[in-house]
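User: I would like to learn how to read the features of a model like this one. Please take them in turn, with the general idea before the case at hand.

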Amino acid sequence: MEIGLVLGKFNPLHLGHIALIEFAQEKCNELIVLICASDKETTNGSTRLNWVKNCFKGNPKIRPILLNYLEAEFPNTSVSSKEVSTIWASKLKTLFPQIDIIFSSEIYGNYLAEILKCRHICFDIERKSFNISASEINSNIYKYWNFLPTPVRPYYVKKICLYGTESTGKSTITEKLANYFQTTFVPEMAREIIEATEECTENHLIQIAELQAKTINEKIKTANKLLFIDTDLNITSSYSQFLFNKKLVVDNWVDEANNFDLYLYLDNDAPFIQDGTRLDKERRDELNISHKKQLIGKGIKYQLVTGNWDERFEKSVEIVKRLLVDEESQHAT
C-alpha cells in the first residue's frame, strides 16, 4: 500500500491545487493532504481544512489533515530551499512515519523526497493547466474569482445589507443591484410570513429572523462575489421594539448569519406609496426613527442613500463599486 503526500498552505485553495490533488490520488492508495497554517496568516487553518474536505467529500482515498505551526519555529517561505526542506522533513517524519510519494509542483518536492527517502512525482511545474498561484489570487480575489472552487467562494463573498423604513425602495433596489452585479439576493422574508405589517405578531418576527438567516446561508453558496440582502436581524429587532416594546431573542446561528461588509440605508425622503400592506405614512416615519436608533445602538455604520428612485439606485451602485475597489487595493498591498 503506497501512501502519498501533498502539502501546502491552500490559502486560498484554488483549481491548480484541485488538479494536483486529483492527479496524486490516482497514483497512490491513500493520499494525505496536509494543510499548513501559520500563526501569522489571517485565514485560519480550520477554514482551509473545511475547503479541502468539502471539495473532496465522499472520496475515501483523500485524508485532509491540518497542521497549525508557529513561524518562529518553522520557516515560512515560497522559495524552494534545501535548508528549509530539511527542517520541514524532520516534522513530516514525526507526523507520518510512512510516506512513499511526495506530489508537488515545486522544486522543494525533490528536496523533501531525497531527505525522506521516498519518490517525488512532479505535477505541471510549468503551470500549463492552471497558470495561477495563491499569491496572485490574494492580490485580487475578484479578478481571479473563477479560479476558486465552489466551496471556497462563500468565504470571500461580500455581503451587502439594505436598510430603510417601509416604502423606500429596498426590495426593488436590492433586486436591481443583484441583476446589475450579476449575482443573487435575499428578499425581505416578512413578505413570506405575513401579508401586512398590522398582522405581525411576536412569533412572526422570530419566524422572519430565522428564515432570513437560513436564506442568507443558502444564497451565499451561489453568490457571484457579492450578495445583496433586503433588511436584516437589526431591522426585525427594530420592529419588535416598535410594535411590541420587546427585545427580540434569537438563537446564535441567526445572529451569526447577520454579519455584513456594507450597509446601505435608504432614507425616507422618497414618495410614500401605500400598497395596502404597509403602515400609514406617520407611523412609517416613526419606524424610520426606530430603525436608525436600533442601528446606532448596535454601532452599525451605514451609508445613507437619498433621492428619487433612479438616484437611489445609481448612488448605491457607486458605493458598491467603491467597496470592490477598496477591497482590491487592500489585497494588493
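Analyst: This is a predicted model. A place to begin is helix α9 (residues 202–219), which lies across β6 (158–163), β7 and β8 (226–230).

User: At about what angle does helix α9 run to β7?

Analyst: Helix α9 runs at about 170° to β7.

User: What is the strand order in the sheet, and is the pairing parallel or antiparallel?

Analyst: In general, strands of a sheet pair through backbone hydrogen bonds, either parallel or antiparallel. Here 5 strands form an open sheet ordered β7-β8-β6-β9-β10, with parallel pairing. The edges are β7 (184–186) and β10 (303–305); each has a single partner strand, so one side of each lacks a neighbour in the sheet. From one strand to the next, the twist averages 25°.

User: How many bridges join β9 and β10?

Analyst: Strand β9 (residues 262–266) pairs with β10 in the parallel sense over 3 bridges. Tyrosine 265 has leucine 304 in β10 as its bridge partner.

User: How do β2 and β3 pair, and what handedness does the crossover between them have?

Analyst: Strand β2 (residues 30–38) and strand β3 (residues 62–69) are parallel and share 8 bridges. Leucine 34 has isoleucine 65 in β3 as its bridge partner. The chain goes from β2 through helix α2 (residues 45–55) to β3, a right-handed β-α-β crossover.

User: Which residues does phenylalanine 103 contact, leaving aside neighbours within four places in sequence?

Analyst: With those neighbours left aside, the contacts of phenylalanine 103 include Leu20, Phe23, Leu31 and Ile121.

User: Is histidine 17 buried or exposed?

Analyst: The cut-off for buried is under 20% relative accessible area. Histidine 17 has 16%, so this residue counts as buried. Histidine 17 is in helix α1 (residues 15–25) and touches Phe10 and Pro12, not counting residues up to four places away in sequence.

User: How many aromatic pairs are there, and what is the geometry of the one between tryptophan 51 and tyrosine 155?

Analyst: A pair of aromatic rings is described by the distance of the centres and the angle of the planes. A search of the whole structure gives 17 aromatic pairs. Tryptophan 51 and tyrosine 155 are edge-to-face, at 5.4 Å centre to centre and 80° between the planes. This pair links distant parts of the chain, 104 residues apart: tryptophan 51 is in helix α2 and tyrosine 155 in helix α6 (residues 153–156). Tryptophan 51 is buried at 4% relative accessible area, whereas tyrosine 155 is partly exposed at 39%.

User: What is the geometry of the pair between tyrosine 265 and tyrosine 302?

Analyst: That pair is tilted, with 5.1 Å centre to centre and 35° between the planes. Tyrosine 265 lies in strand β9 and tyrosine 302 in the loop between α12 (281–298) and β10, so the pair ties together parts 37 residues apart in sequence. Tyrosine 265 is buried at 0% relative accessibility, and tyrosine 302 is partly exposed at 26%. One aromatic cluster is formed by Tyr163, Phe260, Tyr263, Tyr265 and Tyr302.

Technical notes:
Residues numbered from 1 in each chain as written. Predicted model: local features only at pLDDT ≥ 70, side-chain atom pairs only at ≥ 80, totals over all residues. Heavy atoms only, no water. Helix = DSSP H or I, 4+ residues; strand = E, 2+ residues; numbered from the N terminus. Buried < 20%, exposed > 50% of the residue type's maximum accessible area, 1.4 Å probe, protein only. Contact = heavy atoms within 4.5 Å. Pairing = 2+ DSSP bridges. Right-handed = clockwise from strand over helix to strand, strands pointing away. Axes fitted to C-alpha atoms, helices over the stretch in contact; angles between N-to-C directions. Phe/Tyr/Trp six-rings, centres within 6.5 Å; stacked < 30°, edge-to-face > 60°.
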